[in-house]
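Here is a short briefing for a reader new to this structure. Look at the sequence and the model first, then work through the points by topic.

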Amino acid sequence: MKTIGLCAEFKSCQGKRLFCLLPVLILAACTTTTIDEFRQGETGIESHESVVLLGRRQGSTYETRAEFVECVGNRMSSGADSIRVVPEQEFVDAMFPWFEPRTAPVHSEDMQTLMAQQQVAEKISEYGIRYIVWLDGQTETSNRIGSISCTIGPGGGGCFGFGSWEDDSNFEARVWDVNSLVNVGTISADASGQSYMPAIVIPIPLIARVEANACSSLASQLKQFVYGN
Amino acid sequence: MSELGKNRVPLQTRQVLLLLGSLLLAACGVNNISVVGSYPQPNVNKLPLSIGVFYDDELRNHTYVEYTDMGQEEYRISSGETHIELFNSILPSMFERVVLLESPEAATSAGIDAVFSPSIEEFQLALPQKTQLDVFEVWLKYNMRLVTPDGGYIADWVLTAYGKTTKETLRSTEAGINGATVAALRDLASNFTLGFTSIPDVRDWLVSR
């Protein structure tokens, strides 16, 4: 388990550094991210192989946002140790109708039935897919407190008040190995943070970048996991 | 007569009045939405069948109207064209030959094995402002009918579909409705293509051929 606290990094800032970081501090409030990894099998990836990240959308109360899936994909496909990531929509369209919300395999065992379909096996091979990563989760906002009132008149306008809320991101990534057709591991990312919005004439947002931190932490861990580190 | 530049309404006030006027006009009118979507071709084995497809006028011109609580038209959703586009995209991937029929009577001379005619029985819409949920939802209920070229019964079944899109800060209601409808149509297409041969009457007909 790994816990990353954004505020802890800022506490080490001194003098000029702190001055330089002031604008960042204004825009970013405290966030804590916890990563858990549960490995069930060996992993590794060749340069010609790729990964596809898919959002789970079977739930009736929420669905994994495509923007989050894209964010994790972009992070995984960038940097020195980048991995080829097939865009979600491109893959789902190419595999139609096998990966739609109601037809997508739910368990790794279902992949065996799916891979028995010639067209499916051919497309997966065409894309060089080695791992299918299922992302499931959402960000919830709670504990909204305070109020801000704004007025406008002939002489101008302004806002006064204070608002605060808490964001919680809970995401889980299940990694299916297409070669062995088994679930090789699960990584979960839990991030939480408190955002503040004081308003003295103008509202000053101090936003906790909870989902963005969950995205970057999960992507880094997934990269390491897929490489087998 | 007034002197130029005097007693004129200030620019800012005029802009605010213009904005308020536009908002009032927008609030009074019905929003017309023409559903637009693209549908991929399914990756399924083609059945060795020659199928004629007939779209009736009700499907071609399908329009759903969502009313406000006061009974006034709020959204008029035209989805006929996108329905036709959907079936024209999936049917050629499911059957060896697909013939578009102008009328059911044209089937006898078209050299086909069966006539397929889909029709919408129900279209339901749930908007976030009414359900207090963060999603736009669309339910569709179809009646699918398969008959012989001379009109004899083969199969008649009901197919339901569901689609939703999440409410986003910068996404308009029109885009949300469009997204949910397209998602429902994709759901319909996936269940139709994967479930076609499992319909008991269709299966019996295929076995008897």
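B:Leu47 stands opposite B:Phe95 in strand 5 of chain B. Helices (H or I, at least four residues) and strands (E, at least two) are DSSP runs, numbered from the N terminus. This is a predicted model: local features need pLDDT of at least 70, side-chain atom pairs count only at pLDDT 80 or more, and totals for chains, interfaces and linings use all residues. Residues are numbered from 1 along each chain as its sequence is written, while chains are lettered from A and ligands numbered from 1 in the order in which they are written.

- Strand 2 (residues 47–53) and strand 5 of chain B run parallel and are joined by 5 bridges. Two strands pair if DSSP finds at least two bridges between them.
- B:Val53 faces B:Leu100 in strand 5 of chain B.
- Strand 2 of chain B also runs parallel to strand 6 of chain B, with 3 bridges between them. Here B:Ile51 stands opposite B:Ala114.
- Which strands make up the open sheet, and in what order? The order in chain B is 5-2-6-7-8, with mixed pairing.
- Strand 5 (95–100) and strand 8 (153–166) of chain B are at the edges. Each has a single partner strand, so one side of each lacks a neighbour in the sheet.
- On average, neighbouring strands of this sheet are turned by 30° against each other, direction ignored. Axes are lines fitted to C-alpha atoms, for helices over the stretch in contact, and angles run from 0 to 180 degrees between N-to-C directions.
- Helix 5 (residues 173–195) of chain B packs on this sheet. Helix 5 touches strand 6 (114–126), strand 7 (135–147) and strand 8 of chain B, and its direction makes about 145° with that of strand 8.
- Strands of a sheet pair through backbone hydrogen bonds, either parallel or antiparallel.

**The three-stranded sheet of chain B**

- In chain B, 3 strands form an open sheet in the order 1-4-3, again with mixed pairing.
- Strand 1 (31–34) and strand 3 (63–67) of chain B are its edge strands, each pairing on one side only.
- Neighbouring strands of this sheet are turned by 15° against each other on average, direction ignored.
- Strand 3 of chain B runs antiparallel to strand 4 (residues 73–78) of chain B, and 5 bridges join them. In this pair, B:Thr63 has B:Ser78 as its bridge partner.
- Helix 5 of chain B lies across strand 1 and strand 4 of chain B. It runs at about 35° to strand 1.

**Chain B as a whole**

- Chain B has 6 helices and 8 strands. From the N terminus, its elements run α-β-β-α-β-β-α-β-β-α-β-β-α-α.
- Of its 209 residues, 27% count as buried. A residue is buried if 20 or more other C-beta atoms lie within 10 Å of its own, exposed if 12 or fewer, and partly exposed in between; C-beta atoms are placed from the backbone.
- Among contacts in chain B with a separation of 6 or more, 69% join residues 24 or more positions apart. Two residues are in contact if their C-beta atoms, placed from the backbone, lie within 7 Å.

**Nonpolar cores**

- The largest nonpolar core has 44 residues. Such a core is a set of buried Ala, Val, Leu, Ile, Met, Phe, Trp, Tyr and Cys residues joined through C-beta atoms within 7 Å.
- A:Val133, A:Leu135 and A:Leu218 have the most contacts inside this core.
- Elements giving two or more residues to it include strand 5 (129–153) and helix 7 (210–227) of chain A. Helix 7 of chain A gives the most, with 8 residues.

**A residue on strand 5 of chain A**

- A:Thr141 is found in strand 5 of chain A. Is A:Thr141 buried or exposed? A:Thr141 is exposed, with 11 other C-beta atoms within 10 Å.
- Leaving aside neighbours within four places in sequence, A:Thr141 is in contact with A:Trp165 and A:Asp167.
- A:Thr141 and A:Gly193 are 52 residues apart in sequence and 9.8 Å apart in space, C-alpha to C-alpha.

**Where the chains meet**

- The contact takes 14 residues from chain A and 11 residues from chain B.
- On the chain A side, helix 6 (residues 118–127) gives the largest share, 3 residues.
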